[in-house]
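Please open the model in a viewer and keep the selection panel at hand.

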Amino acid sequence: MRKTPAHFSLAMAVFSDDLSGDLSSDLAKIQKFYEDSSPNPNQNFNKDSSLDSTTQAQIIDIRQEKDYKQKHIKGAKNISDFESLSREILSNPNTKFLLHCYSGYTVAMIGSELVEMGAKNVFFFDESFEDLYAALEQNPKNEVKSK
């Protein structure tokens with residue numbers, strides 16, 4: 001049984017327990033969970049898109065640049081302003097985006113805004129950055145960069 005999201009969002013919540021080491025496959029499983037469990041058939045999940053386990057996944061770190069430079073997930077992009085973030089996500093509908101911040105609250109709100117703008121490829125990490133860091137650091141397929 002999955003955890004209940006701590007923060008309400010129209011985007012799909014991800015927890016450290018969901019991460020097995022293959023981010024793209026993990027996000028595809030989470031998307032399937034949301035599709036199968038949604039009581040609303042008109043929910044904004046992209047059921048007929050090409051977002052499957054082979055689709056590219058990108059982690060977006062929205063924390064302040066100084067914190068990103070100090071410690072971040074290897075391969076994560078640091079995009080902290082909403083205009084650049086929305087442009088990146090909306091212009092790449094066939095990429096899965098996992099957003100993370102310090103605690104999950106801000107990315108839950110931003111995720112909702114992006115879904116309302118039409119994005120169907122948005123996931124948010126609903127735990128702390130340190131939880132995400134620890135989850136990915138423990139998997140040999142995922143690397144973490146610390147400075």
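Colour the chain by secondary structure: read along the sequence, the pattern is β-α-β-α-β-β-α-β-α-β-α-β. The protein has 5 helices and 7 strands; these are DSSP runs numbered from the N terminus, with helices (H or I) of at least four residues and strands (E) of at least two. The model is predicted, so local features need pLDDT of at least 70 and side-chain atom pairs count only at pLDDT 80 or more, while totals for chains, interfaces and linings use all residues. Residues are numbered from 1 along each chain as its sequence is written, and side-chain values use heavy atoms, with hydrogens and water left out.

**The sheet**

Select the strands of the open sheet, which has 5 strands in the order E1-E6-E5-E2-E4 with parallel pairing; strands pair if DSSP finds at least two bridges between them. E1 and E4 stand at the edges with a single partner strand each, so one side of each has no neighbour in the sheet. Next, display H1, which packs on the sheet and touches E1, E2, E5 and E6. Contact means heavy atoms within 4.5 Å.

**Strand E2**

Now select E2, residues 57-61. Its pairing with E5 is parallel over 5 bridges, and alanine 57 stands opposite lysine 96 in E5. E2 also pairs with E4 (residues 77-78) in the parallel sense, over 2 bridges; there, lysine 77 is the bridge partner of isoleucine 60. Of the 5 residues of E2, 4 are buried, so the strand is largely enclosed by the rest of the structure. Buried means under 20% relative accessible area, with a 1.4 Å probe and protein chains only.

**The nonpolar core**

Select Leu85 and Leu99: among the 38 residues of the largest nonpolar core, these two touch the most other members. Such a core is a set of buried Ala, Val, Leu, Ile, Met, Phe, Trp, Tyr and Cys residues joined through side-chain atoms within 4.5 Å. Elements giving two or more residues to this core include helix H3 (82-90) and helix H5 (129-137). Show the surroundings of leucine 85: apart from neighbours within four places in sequence, it contacts Ile60, Ile62, Ile79, Leu99, Ile110 and Leu114.

**Helix H5**

Finally, select Phe129, Leu132, Tyr133, Ala135 and Leu136, which are buried in H5. They cover an arc of only 165° around the axis, which puts them on the same side of H5; the arc is that of the directions from the helix axis to the C-beta atoms.

Technical notes
Buried means under 20% relative accessible area, exposed over 50%, partly exposed in between (1.4 Å probe, protein chains only). Axes are lines fitted to C-alpha atoms, for helices over the stretch in contact, and angles run from 0 to 180 degrees between N-to-C directions.
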